[in-house]
Amino acid sequence: MGSVDCLACVLSMENIGEQVVCLIAYHLLFAMFVWSYWKTIFTLPMNPSKEFHLSYAEKELLEREPRGEAHQEVLRRAAKDLPIYTRTMSGAIRYCDRCQLIKPDRCHHCSVCDKCILKMDHHCPWVNNCVGFSNYKFFLLFLAYSLLYCVFIAATDLQYFIKFWTNGLPDTQAKFHIMFLFFAAAMFSVSLSSLFGYHCWLVSKNKSTLEAFRSPVFRHGTDKNGFSLGFGKNMRQVFGDEKRYWLLPVFSSLGDGCSFPTCLVNQDPEQPSTPAGLNSTSKNSENHQFPAKPLRESQSHLLTDSQSWSEISTNPGKGKTGMSNPALTMENET
């Protein structure tokens, strides 16, 4: 009913040019709203890749070991070649008992979906889906286009809403539709603006909703801004490098969701010193070690736009960003 009433308001405008502009704007916003909503709902959340799952032998060994240091030693051996840098509050390796896998950074177990979700933000009942790495951009665009759609409806309905209170409308049931439409659009605009503003802040700080409530823990301790690379790079991590795709609900986020660059410079001595492909000169930098499996090129270039991995490792003083400490967990998070 709201869409019909809004179109009726547009068509009641006296200026033909104004009607055409409003009709084009309305259908464009409505199409983008439906498209982004559809992508948010039907894009399946991404789960950790097979390399994070324990082998059959490792599972058997883990079951035989009691909870404690021996249990952790099994997990440390299994995770030694994985690009994992976060831990639990107790400093343990982040392990999911239900999925039987070592959790990648920023991955959490969803109690509703009953699976681990890469870069999980939250489980949203409005879209009946987990919002995470695979659909977070779509969720942001859904909020943006929903807000613009509601603001547009409230704006085009405003003049008739004023006439309602000044007795400028015909005394029919239609005038109550005008009142309902304006109140509904205005209230949704207020709620959506606060939610969209909050998620814009999260993107600017490179945080998820879960990380905003509980900061990630690295080897050196808790760091609420551990994944933040600066406003520009934080935006590119979610929306991608090609700006022509930023406003379209097509996937363009950087990386694979399993590993993320960080702003930390303290390296973990337990991680292997060099990734495959680095020259021998990088081995001389004992304080700037890299994981055995480096970030995808689309993610690692966020660390520096002008230097390669080997250049960073041989010139540690030139870059402000590096790889964080491995920090790994054992609790089942929701």
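Buried means under 20% relative accessible area, exposed means over 50%, and partly exposed lies in between (1.4 Å probe, protein chains only). I noted this first, then looked up Arg244, which counts as exposed at 59% relative accessibility.

**Entry 1: the model.** I recorded that this is a predicted model, in which local features need pLDDT of at least 70 and side-chain atom pairs count only at pLDDT 80 or more, while totals for chains, interfaces and linings use all residues. Residues are numbered from 1 along each chain as its sequence is written, and side-chain values use heavy atoms, with hydrogens and water left out.

**Entry 2: salt bridges.** I took a salt bridge to be a side-chain nitrogen of Lys or Arg within 4 Å of a carboxyl oxygen of Asp or Glu. Side chains of opposite charge can pair when their charged atoms come close. I found seven salt bridges in the structure.

Arg244 pairs with Glu242 at 2.5 Å, N to O. Glu242 is partly exposed, with a relative accessible area of 40%.

I next looked up Arg106 and Glu211, whose side chains form a salt bridge of 2.8 Å, N to O. Arg106 lies in the loop between β3 (101–102) and β4 (108–110) and Glu211 in helix α7 (residues 209–213), so this pair ties together parts that are 105 residues apart in sequence. Here helices (H or I, at least four residues) and strands (E, at least two) are DSSP runs, numbered from the N terminus. Arg106 is buried at 3% relative accessibility, and Glu211 is buried at 7%.

In helix α4 (residues 69–79), I found Arg76 and Glu73 three residues apart, about one turn of the helix. Their side chains meet in a salt bridge of 3.2 Å, N to O. Arg76 is partly exposed at 25%, as is Glu73 at 31%. Both belong to a network of salt bridges that links Glu69, Glu73, Arg76 and Arg77.

**Entry 3: helix α5.** I read that α5 (residues 136–165) has 30 residues and reaches 42 Å from its first C-alpha to its last, close to the 44 Å expected at 1.5 Å a residue. That expected span is 1.5 Å times one less than the number of residues. Of the 30 residues of α5, 22 are buried, so the helix is largely enclosed by the rest of the structure.

I located a kink of about 45° in α5, centred on Leu158; the bend at a residue is the angle between axes fitted to the seven residues ending there and the seven starting there. Just after α5, Asn167 takes a positive phi of about 60°.
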